Each structure stands twice: as C-alpha cells, then as structure tokens.
Amino acid sequence: MAGKTLYDKIWDAHLVTQRDDGTALIYIDRQLIHEVTSPQAFEGLRLAGRQPWRADANLATPDHNIPTTREERSRGLEGIKDPISRIQVKTLDDNCREFGILELGMEDQRQGIVHVVGPEQGVTLPGMTIVCGDSHTSTHGALGALAHGIGTSEVEHVLATQCLLQRMMKNMLVNVNGRLNPGVTAKDIVLAVIGRIGTAGGTGYTIEFAGEAIRALSIEGRMTVCNMAIEAGARAGLVAVDDTTIDYLKGRPFAPRGQLWEQAVTAWRDLVSDSDARFDHVVELDAEAIEPQVTWGTSPEMVAPVSGRIPDPAQEPDPSRRGNMEQALKYMGLQPGTAIQDIKLDYIFIGSCTNSRIEDLREASKVVRGRKVADSIELAMVVPGSGLVKQQAEAEGLDRIFIEAGLQWREPGCSMCLAMNADQLPAGKHCASTSNRNFEGRQGFGGRTHLVSPAMAAAAAVTGHFVDIRQIAH
Amino acid sequence: MRKFDTVTGIVIPLDRANVDTDFIIPKQFLKSIKRTGFGPNLFDEHRYLDKGQPGADNSQRPLNPDFVLNQPRYQGGTILLARENFGCGSSREHAPWALDDYGIRVIIAPSYADIFFNNCFKNGLLPIVLDKKTVSRLFEEVATEEGYSLTVNLVSQTLTTPGGEDIAFDVDEYRKHCLLNGLDEIGVTLQDADRIREFESQWRSRSPWYFNEDASPRN
C-alpha cells in the first residue's frame, strides 16, 4: 500500500463519518472569526435557537473593516467614521459576548489580521483542521495544519456542529528545488508557481509545498506561500512540520506547555508526507531560476519576472486567453512590450495577510533606510499585520525608518488589500502592493494593482518605478 | 432553504473567464450584516458607470449600456451562462446572496472555484458544470435567439433547449437531495451528534494538546 501524504494524514485523523456518496463529516479544531463573514452566521444560530458546539474552539478579531489611522483607532469603536463599518465591528463584539467566544477586540494589543494573529498566538497548531470565513485561511498550512476558507453558511455550520461537510481533495506536490538567489523571496516563489499553473491550476487540490527552497524559508515565508495557494485555485496549502515549525511555536501563548508540549511535538514530527506517498500531480520548480516577480494584469497569473516585458496578446494563440489579456491591459492602461521596470507607480502598499509580518517589515525597511520616497509617489503606507507585529517593529526602530523615508506607519488591519475601509486606491492609479489580488477594483474602484514582494514594493517606493531589487544594495 | 425543482428562464450570457467574487459583489457592500438586499449591486462595477455605495439609491445611477444585465433582451433572466473558473477569489458568500437576490437560480459554466461552488448549494442556487464545447455552443445560441430560455430539471438532471434538445448534467447526490428538499444542512449534521461527540472524546484523549484547558481561547 502506498504511503500517505500529509493531507491524507490530517484528513484521516479528523474523519468523523464517511457517507456513501463520497462526502464526509470532518471534525474542525479551530475556527477563526472576523467581522465581515460572521454576522449572518451568528444570526442564523439565534434564529434556530442554537449554541456553539464548543465556544473555546473559536477565536475572533476584527480586521477587514477597521480604520488604520491612529486618530480613528485611538477612540475605539466610536472612532470609526463610517457608520456601517462601525455597526459591523460592534456586531462582532456583541456576538462574541453573547456566545462566549474570545475576541481580541479593536483595543486589544493582540488584535490584527486574523491570519497573522492565529499563528502568532499559537492558536494555529500543526495537525489541526482550521477554518475561517476568508479564503486566505490557507495561510495556516505553513504550520502543517489543514486550513481553508469557507462561506458564511459553513461558518454557522461549524459553530453549531464543530464539523464541516467535505469531499476529499486531490493531492498536488509543488517542489521548489535548490536555493533562492539573494533578493528573491517567498512571495516571488508563490507568484512564479501561480504563473506556471494558473489561477485555476490548483482547483480541487490541496497543494503541499516542498523542496530545499521551501525548507529554507522561515515560518513567515511559508505563510506567504501558503497564503496564495488560493490564488492558484487550491483551498489549502501545506508545508510539512520540521524544526523551524517547532521552534516557531514554542512558548506561544496558546501553544501547549510542559509535558503536553513534549507529547505534542512527538506527534507533530509525523506530520510529513511518507516517502512513498502518491501525489495526483507534481510540479517542479528551480529556485535559482526564479527572479523577483511583478504582476502586470488583473489576475495573479498575469505575472512576469522583473527583467521581463509585458506580453503581447497578439502572440497568444488561445482566443479566450487573448481576450483576457486584452481586457486586462485596457484596464491597467498598459501597452504590450513595455519593460516591467518602466511601469511607474503612484501608490505603495506594504501590508495584508500575505506580507505584513515582522520579517516582511524588516525586509522593506532595509531597502528604504536612509532613502526617501520618490516625489512622484502620492502615498506610501506600511500597515503591520497585528498589534504585536507593530510593537515589535517599533521596538526595532522600523517605524522610524519608514517615517523618515516618507512612508506612513499605520495601525493593524487588512487595509488597502481589499479597501473595505477608507484606505482605497483611486481610479487609474498604479500601486505596488504586497497583497494577494490584483483583480479589477480590488484595491479601490478603477485602481491598478501590481503584486510584488515587500522588498520590491519598498524599492519602487524610493524610485517611483519597478527596479530589480537584486541591483539595489541593501 | 428554498426548495429547488424545475426552473425555466431567460439565459444571461456573461462572456468572461475567471469572474472573481469581487467582480460579482464589490467589497463596500460586504459591510452589511444581513443576507438580503445585495441584488441591485450584483456586478456593480460593470453594471453602473459610477462607483456604488451601500445605501445609495441605485435607480438614480448611470447604467453601463454595454453590460449584459442592462440589455433589454435579458431582463428577468434567471439562468447565468458563464466561462471557466467562475467565482474565483474571495470566499464571500455575499456573491451567491447577490446572485440569488437578483433572481438568478442556475449558473452554467465549464468550471467554478471550489468555495463559490460550495456556497451556491447552501443558498438554493444550482451551479451546473458543462464541458467547454457545450458552453460555447450555448453562448452562440443565446446570441442568435432573443428570449433564449432553458428549462432546468434537477430531478432528471437535464437542461432542455428551446429546440427540444436535452443536455444531461451531473450533480452530487447529497447536494441534490438537499436542494430538492430545501434541507437545513445543520439539522442534517446534528442527526449525527452522537457520532460527533464520540469522535470528539476519542480525539481529545488521543490529542489532548488541541483541547488544552489552560491555554484555550476562552471568553
């Protein structure tokens, strides 16, 4: 019998019951909750007279909708200017109080983007099943947890039953072999993967990321990679447990301690795919061949190396793809054949659940240290992923480096990644963004997004256009 | 949930691949704490020429005459014809809520993003997968014939064209059962409550570190 993949192992351990039609009830260890996709779920519980199955399996924090200026944040809930946003954040507070769910609220130092907070608090543990009403829940797979996004009806279902109805997905292995060149990061790996397999390439799969280059990444880097598994169509991304995982978790507030920790670590060491495990699809990438990546279109698969040019739709044989490319270039206001490094930027956004952790901020700060934001940049902002990331960055003096260079230093939240709050990219403006989606209107109505790594965004901030980070001396 | 049986309706062709859920319902409308009222903002950034805001009077906004939803021949349509990877991106269930609130009952496409596909069934919407060639043929037929309608029969799992041709489609047995009977899935799962409790207690003794009393999130 063939061995098991990491995904198979976690699935099997959580299987409550398998139905004849191929669906299964899977036990869920953790649910993370935020203000946007939960109000209707709590309302559903209330209407049906149901209580959470296990309140202590849930953790909530507001992130999508909250303001990031200190002025607004300093006044708590009352400080939120948009009345509809204020109601949504207040509704989360009220629901968590009513149903006995721990919330790291707006004024809690530990508040932040839910996918930054979970791992940081040790609420995310290897071998867990984790869900959240947010597609970027795939992030938590970096710690060897099976984690994926769900809809609001499923949020309610998990609250009420601690289970999710699922069909087993297929297994994909993405091997990133060899070593990355200096200046090339986790973000470039995942953009290169998406460029290779496309935004639907992972649909129906769980992707396990492996290989020397993945093993060499920190947990922060692995989170960046798993975060964007969904941008390749895969609901979940995974990285096997190793020393890096264990070292990251030790001593985190919600991680087990003492003897329980030792027992857990022993069990977690088995959270790797067996050497004879069978994958339905395998993709091989050479890390050394990966350059810093920049998206030029309106889908994450529309990506090019920084030394490249915007492709010409006329050269695309497939009519449907050609149409998509033409549409994208029209929206982006870009011409085929333009060198990536000639794309001029107006806005810079460093943040989001993809790239707002301490390592990301350190990388960006190294590039802007002692430099100034280019005159042509209208706004450059850094939004830390959580209150604790912000605190750590300030302890290291990173905030001063950013502020002196002319970037704004904000309060934690999702911010301009999806622009639900006031942080919006104006129509027609080009933004170098460390976020995850370059869809039409994503960062603001008519806004034009280019997805890049934190270092690349920082370099664009000081030069006003894309530059090859490998040519900028740190 | 509303029961689904047979739907006959005008087909609205949305000829674009990789339609994401931001496209279906932009973020500013996600601030609502209700499940209803999203219909007027379905495809908002393409349907109107200005930027939509929650609470605005949509009847006063300038329509984009080129967008399919605004063309007179597709008014009252209940079946959306789409291209591959429909519903990709964000997990927002507001996307199927907006489609449902507008009056869409069935979507036909060559493929869907997983989370969106799931979300449809939870809301009485039927997402049908047909091969690329058949979908392309339907696009052509819709373009040539004004008022082009299809009849979707979930029991027999067939689509019937105006010409009387039957096209078969697949649907997961359990989802079909839930749609036909308008079942509350939570209620169905809770019929297995004893089994869940039994699993939980075994899992707790096998992996006590996930149930750590001293360090578990508690209010």
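**Stop 1: two helices side by side**

Select A:Asp360, A:Glu363, A:Ala364, A:Val367 and A:Val368 in α13(A): they meet residues of α16(A), including A:Pro454, A:Ala458 and A:Val462. Here contact means C-beta atoms, placed from the backbone, within 7 Å. Helices (H or I, at least four residues) and strands (E, at least two) are DSSP runs, numbered from the N terminus.

Before moving on, note that this is a predicted model, where local features need pLDDT of at least 70, side-chain atom pairs count only at pLDDT 80 or more, and totals for chains, interfaces and linings use all residues. Residues are numbered from 1 along each chain as its sequence is written, while chains are lettered from A and ligands numbered from 1 in the order in which they are written.

**Stop 2: helix α15**

Now select residues 398-405 of chain A, where A:Leu398, A:Ile401, A:Phe402 and A:Ala405 are buried (20 or more other C-beta atoms within 10 Å of a residue's own, with C-beta atoms placed from the backbone). Looking down the axis of α15(A), you find these buried residues within an arc of 95 degrees (taken from the directions from the helix axis to the C-beta atoms), so they line one face of the helix. They pack against α13, β16, α14 and β17 of chain A.

**Stop 3: a sheet**

Finally, show β5-β4-β3-β6-β7 (chain A), the strand order of an open sheet with parallel pairing; strands pair if DSSP finds at least two bridges between them.

Key:
Buried ≥ 20, exposed ≤ 12 C-beta atoms within 10 Å, placed from the backbone.
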